[in-house]
Amino acid sequence: MSGGTEGAGGSGDGPGAVGRSPGLSARDEAVLAVERRSWPGPGPKERAIRERLGISPTRYYQLLNALLDDPRALAHDPVTVNRLRRVRDARRARR
């Protein structure tokens, strides 16, 4: 299901970038890299999702939500995954 996005995210993710994790696809790592960044608003982020990953924002968030439950994603980027889990849990608690 990589769809030619193997190079998405690249190695220029900054000094906090994390190395390749066994079993985590390049696309999964790219999804986490997009989420790791700080965005000024939804427009630039959605544009980056389409351009870098070649998928719709809806599909991006489906993949991201699945990654939050994947132990390989937690091992790859624990700060981002734990932050997003807290946000998700808070939203669920408000429902």
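**Exercise 1. Which helices are included in what covers the buried residues of helix 3?** Work out also where those residues lie on the helix.

*Solution.* Start with the ground rules. This is a predicted model, in which local features need pLDDT of at least 70, side-chain atom pairs count only at pLDDT 80 or more, and totals for chains, interfaces and linings use all residues. Residues are numbered from 1 along each chain as its sequence is written, and side-chain values use heavy atoms, with hydrogens and water left out.

Step 1. Find the buried residues (under 20% relative accessible area, 1.4 Å probe, protein chains only; exposed is over 50%, partly exposed in between). In helix 3 (residues 57–67) they are Pro57, Tyr60, Leu63, Leu64 and Leu67.

Step 2. Look down the axis of helix 3. The buried residues fall within an arc of 120°, so they line one face of the helix. The arc is taken from the directions from the helix axis to the C-beta atoms. An α-helix has 3.6 residues a turn, so residues three or four places apart point the same way.

Step 3. Name the cover. It includes helix 1 (26–36), helix 2 (42–53), helix 4 (71–76) and helix 5. Contact here means heavy atoms within 4.5 Å.

**Exercise 2. Describe the make-up of the chain.**

*Solution.* Step 1. List the elements. There are five helices and zero strands. Helices (H or I, at least four residues) and strands (E, at least two) are DSSP runs, numbered from the N terminus.

Step 1. Take the burial. Of the 95 residues in the chain, 36% are buried.

Step 2. Take the contacts. Among those with a separation of 6 or more, 48% join residues 24 or more positions apart.
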